[in-house]
Amino acid sequence: MKRHNFSAGPCILPKEVMLKASEAILDFDNGLSLIEISHRSKPFVDVMEKARALALELLGLEGKGYKALFLQGGASTQFLMVALNLLEKRAGYLNTGTWADKAIQEARIYDDVYEVASSKDANFNYIPKGYDIPTDYDYFHCTSNNTIFGTQMKSFPECDIPMVCDMSSDIFSRQLDFTKFDLIYAGAQKNMGPAGTTLVVVREDILGKVSRKIPSMMDYKVHIGKSSMFNTPPVFAVYTSMLTMEWLKNLGGIPAIEKENNKKAQLIYSEIDLNPLFKGYAMKEDRSKMNATFNLTNEDLKETFETMLDEEGINGLNGHRSVGGYRASMYNAMPLDSVGVLVDIMSELERKA
């Protein structure tokens, strides 16, 4: 039976990427495994250089003053690194969910952080709008897609100060003017590769302006100077991320995958809105195209629905405890057919009820 993986992370990956990555574990360099060769050998240095170049190419940031890094510690470490490298006096944060809130708490360790707006009053089921960003702040931080609550920023504010964005769960999924952002970070495990590495894309001229001493491992300038090889990198995660970016480029890049993601989102949200047994969690204008959150309107049908899901090989659909219900994560490699199977089950439940 085919399995349909709607897990919120680690993410589904293209099958061809999985096959190439598994082959490299056995034989990457003349009989040597990817995970046993020196990370400073030319074969892996070439991988790192290609991965960094592909990230900038896909985002349209080549030759525009940006550097791409593959670091460790997940997006959670970036909550701290952003503040260490950029926060001198005060910063503004948009609070749209659990991960944005965690970023705020980490930044407050160092200096003053101000919430320019928050959707906490409605358990983060919408994206705040119409807020002001003070021009004397060091930077503005936002989270583009909120995996737990199923909301996504459809537009970004005009900003006279550096803009930092956590794109962990929708990186490479839609076209944006990425030059609007001065620093982007994204944990690989949501839409790019296996857990273990984090992509950071930073405009180099915003660095080196804080007065504090920054530990070497937390200093973006150190990692840029060492081409993401300051310490032993997570070779398998970087290699698999490189393969995924190659796969995306061969499909036609972000414009091509955005069309597929729009189809998947349209399919599931149409069913949620038309089927009286389901209700979407997020406000319609802020719905995520990566993570569709919804609940049953009749909890008596829960056992029947989940039995049907299991029989058709649906995996990872349970919602986060903060929201309950269900969450369909439809990252880049999720086939439209899998979303169709889920929608067919939802329709069948209505016929049975």
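Is Cys159 buried, exposed or partly exposed? With a relative accessibility of 21%, Cys159 comes out as partly exposed. Bear in mind that this is a predicted model. Some notes from going through the rest:

1. The sheet. Seven strands make up an open sheet with mixed pairing, and the order runs E2-E10-E9-E8-E5-E3-E4. At the edges sit strand E2 (66–71) and strand E4 (112–118), each of them pairing on one side only. On average, neighbouring strands in this sheet are turned by 20° against each other, ignoring direction.

2. The E9/E10 pair. Strand E9 (residues 183–187) runs antiparallel to strand E10 (residues 198–203), and five bridges join the two. If you want one to look at, take Gly187: its bridge partner in E10 is Thr198.

3. Helices on the sheet. Helix H2 (residues 42–59) packs on the sheet and touches E2 and E10, its direction making about 130° with that of E2. Helix H4 (residues 98–107) also packs on the sheet, where it touches strand E3 (90–95), E4, strand E5 (140–143) and E9. The direction of H4 makes about 160° with that of E3.

4. Cysteines. You'll find zero disulfides in the structure. Cys11 is in none, and the nearest cysteine sulfur, belonging to Cys165, is 18 Å away. Cys11 counts as buried because its relative accessible area is 10%, under the 20% cut-off. Back to Cys159: this residue is in no disulfide either, with the nearest cysteine sulfur, that of Cys142, 8.4 Å away. For a disulfide, the two sulfur atoms would have to be within 2.5 Å.

Definitions and conventions
Residues are numbered from 1 along each chain as its sequence is written. This is a predicted model: local features need pLDDT of at least 70, side-chain atom pairs count only at pLDDT 80 or more; totals for chains, interfaces and linings use all residues. Side-chain values use heavy atoms; hydrogens and water are left out. Two strands pair if DSSP finds at least two bridges between them. Helices (H or I, at least four residues) and strands (E, at least two) are DSSP runs, numbered from the N terminus. Axes are lines fitted to C-alpha atoms, for helices over the stretch in contact, and angles run from 0 to 180 degrees between N-to-C directions. Contact means heavy atoms within 4.5 Å. Buried means under 20% relative accessible area, exposed over 50%, partly exposed in between (1.4 Å probe, protein chains only).
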